[in-house]
There are 2 protein chains.
Amino acid sequence: MNAGEVVGVDLGGTKMLLGVLDPDSKVLWESREASTGQSEDELVEMLVREIEEARGAHPGVEAVGLGIPATVRHDDGVAVSAVNLPLTDVPIRKLIAERTGVPVSVDNDANVAALAEHLYGAARGADYAVMLTIGTGIGGGLILGGEVYRGATGMGAELGHTVIEIDGPACQGNCPGHGCIETLASGTALGREGRAAAEREPDSVLGATLADDEQIDGKVVTEAALGGDAVARGVFELVGSRLGVALASFANVFEPEVFVIGGGVIAAGDLLLEPARRELEARALPPMKRIPVVAAELGADAGMIGAAAMARIDLGREG
Amino acid sequence: MNAGEVVGVDLGGTKMLLGVLDPDSKVLWESREASTGQSEDELVEMLVREIEEARGAHPGVEAVGLGIPATVRHDDGVAVSAVNLPLTDVPIRKLIAERTGVPVSVDNDANVAALAEHLYGAARGADYAVMLTIGTGIGGGLILGGEVYRGATGMGAELGHTVIEIDGPACQGNCPGHGCIETLASGTALGREGRAAAEREPDSVLGATLADDEQIDGKVVTEAALGGDAVARGVFELVGSRLGVALASFANVFEPEVFVIGGGVIAAGDLLLEPARRELEARALPPMKRIPVVAAELGADAGMIGAAAMARIDLGREG
C-alpha cells in the first residue's frame, strides 16, 4: 500500500515532466519526455505510456493530475484550445481516465503552478494570491479564499489577457485582443523591446549582439541586464513598469495578500520586480499600494507539484 | 414577532434610502433623508435616528445592512475612505451596532447592488456575475461562486480602477491611477467627451447646448443621444467601446456568466451596451466573446435591497 500517492504531470509546449508524489509532495519517481512535434493521438499515447510506467513502479498511485498550457474547461476536463500543442476540444480527462482506470484532474498549467506556490511556495499562508507565469506568454493563476479560482466553467484566470493599452499592439496566439500584458510584458516583449533598444544604441551590449547578427530574445536581454548593461536594464524598466500597471489593476480588483511572479523571465529577479513594485505603489488605490510582489519559489517543478496537489484535492485528501 | 425582518440602508453621497424588508425582500417601510453636507458625527446620528424610527414601526427587526459609497473593510466594518462622504477610517459597524444593539453589516454600495441583482435582478441564477454601477464614478461588484467577492480584507472589487490606457488621463477621487475606466467610461467621461464633441460640431444638438452656455454632463449627452443626435450617439460609441475593452479583460479574468451594467448612465440602454458588446466580442478570448451584457433591473432600490440581503446572509438566514 502506498496510500495517498498521486501522479503529477506538467505537459509543456516543448517537454513533459511527470512525477509520482507522496502526500507530503515528496517526489518518489520522475520522468521527462519531449512533447514537441507530436499529434494529438501521439500526445495522449505518450501520457498513457508514461503514467502506466510510473504506476508500474508505484502501484499505489490513486489519481493523476495534469497541467497543460491550454484553455481548460476544468468541469469536464476538456482542453478547449492551446497555442503550442495540438489540443483543440480534446476531452483529455476522459481519454486518460478511460485508458488508465484512475481518476484524472486537468487544469491550466498556470493554475496548478499557483496552487503549488500557495501550498508549498511563495504564497504559502496566503488565501488570496495572484500569480503570473511569465515566459513567451503570460499565464495567470488565482488563489481566492484559499482555492484555485477558475471561473464559471473553468476557463477563467487568463490574466495575461488583461488590456493595459487600448490601442496597443495585437496580442499573440489565439487572442484577438490588443495591448494585453501578454504582448507588452512577456518574454516576447523583452525580446522585441531589446531589439528596438539595440537599434537605438549600437554601442551597448545589446547593440553589439545585434551587430554580430545574433538573435535578441528575452534570455539575451536578461543576461545583458544581469551583466550590468544599462540599455538592457532600461528594457526591464519599461517591461517591469508595464507589469506593474497590470498589478495595480489586479490589486484594486482582487485585493490579494501577495503577487507571485514566476516563469523564465523571473531569472532577472528584482530587475523586473522593482519597476513593477514602483508602478504598483504609484497607481493602486491607497490601501492596496504595498501588496508584496515576490518571485516564485518552486521554479520548473511548480507545474508538476501543483498538478499532483490538484489530484489530491479532487480526491478529497487535501484543501 | 416579525422574524426575519431587517433594515437595509443605501447611504449615497447625496441621499440616504432606508427600508425595512421582510424575508422575501418586500419593502414594509421606507424613509429618505438628504446626506449632503453633514459631518461624520451628523451622518452617524442620522443613521441611528432613522434606524431607531424604523425599529419603532417594526420592532422585530433583527439586523441592519448598510451600503456606503466608500472603500469598506468588510471584516471589521470600517469605512476606510470615501470620495463623497466624510468617512475616513470610521468604524461604522461598531458605532451603529453599539448605539442600536442589533447586528450591523457594512459593505461597499456597489457590492450590495451586485448582491441584489444576483438574488433578485438581472444576474438571478448566475453564480458568476460581474456588475458595474456607472454614474459619476464606476463601482464594481463581483459574485463569484454564488457569493460576494471582497478580497483579503474586504476592500477589493474596485473594478472602476482597472486601467485600459497606460498613459491615459489622471483618475478621480482618491485614485492615483491613470487611464482607469472610472475616468474613461463613467458619466464624467460622457460629459467630458460630450463637451469636446460639442466644440468640434457646433451644428449638433450638443453644439447648440454649448452655444447657449448650458452645462454638458452625462445626462445632457444621454438626452441628446436618445433624441437621435448623431454626435451624442458618437460619444456613446466612444465611451461604450472603452467599457467593452474593460469587459474583455474581465471576461478573460473572471469568465462570468453575465455582465450587469447599472447606475445612472444605463438610462441610455443599448446606446451604451451595444458598442460595449461589440468590443467584448472583438477582443475577448474565443470562449468568452459572447458573455451577455445586460442592464441592471432593480434601479435605485438595488443598494437598499442588497444591503438588507447582506444583513440576512450575515445572520445565517440566506445564501
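The model is predicted: local features need pLDDT of at least 70, side-chain atom pairs count only at pLDDT 80 or more, and totals for chains, interfaces and linings use all residues. Residues are numbered from 1 along each chain as its sequence is written, chains are lettered from A and ligands numbered from 1 in the order written, and side-chain values use heavy atoms, with hydrogens and water left out. Helices (H or I, at least four residues) and strands (E, at least two) are DSSP runs numbered from the N terminus.

**Chain arrangement**

- Five strands of chain A make an open, mixed sheet in the order S10-S9-S8-S11-S12; two strands pair if DSSP finds at least two bridges between them.
- Strands S10 (147-148) and S12 (293-295) of chain A each have a single partner strand, so one side of each is left without a neighbour in the sheet.
- S9(A) (residues 138-144) runs antiparallel to S10(A), joined by two bridges, and A:Leu144 stands opposite A:Glu147.
- Helix H3(A) (residues 109-120) lies across S8, S9, S10 and S11 of chain A, at about 50° to S9(A).
- Helix H8(A) (residues 230-254) lies across S8, S9, S11 and S12 of chain A, at about 155° to S8(A).
- For these angles, axes are lines fitted to C-alpha atoms, for helices over the stretch in contact (heavy atoms within 4.5 Å), and angles run from 0 to 180 degrees between N-to-C directions.

**Strand S11 in chain B**

- Five of the five residues of S11(B) (residues 258-262) are buried, so the strand is largely enclosed by the rest of the structure.
- Buried means under 20% relative accessible area, exposed over 50%, and partly exposed in between (1.4 Å probe, protein chains only).
- B:Val258, B:Val260 and B:Gly262 lie on one side of S11(B), and B:Phe259 and B:Ile261 on the other.
- S8(B) (residues 129-134) runs parallel to S11(B), joined by five bridges, with B:Met131 partnered by B:Val260.
- S11(B) also pairs in the parallel sense with S12(B) (residues 293-295) over three bridges, and B:Val260 stands opposite B:Val294.

**Helix H2 in chain B**

- B:Ile92, B:Ile96 and B:Thr100 of H2(B) (residues 92-100) are buried; they cover an arc of only 40° around the axis, which puts them on the same side of H2(B).
- That arc is taken from the directions from the helix axis to the C-beta atoms.
- The face turned away from the buried side carries exposed B:Lys94 and B:Glu98.
- Helix H1 (40-57) and strands S4 (63-68), S6 (78-82) and S7 (104-108) of chain B are among what covers the buried residues of H2(B).

**B:Glu193**

- B:Glu193 is in helix H5(B) (residues 187-200) and counts as buried at 17% relative accessibility.
- Not counting residues up to four places away in sequence, B:Glu193 touches B:Val235, B:Leu238, B:Val239 and B:Arg242.
- The C-alpha atoms of B:Glu193 and B:Asp127 are separated by 36 Å, with the two residues 66 residues apart along the chain.
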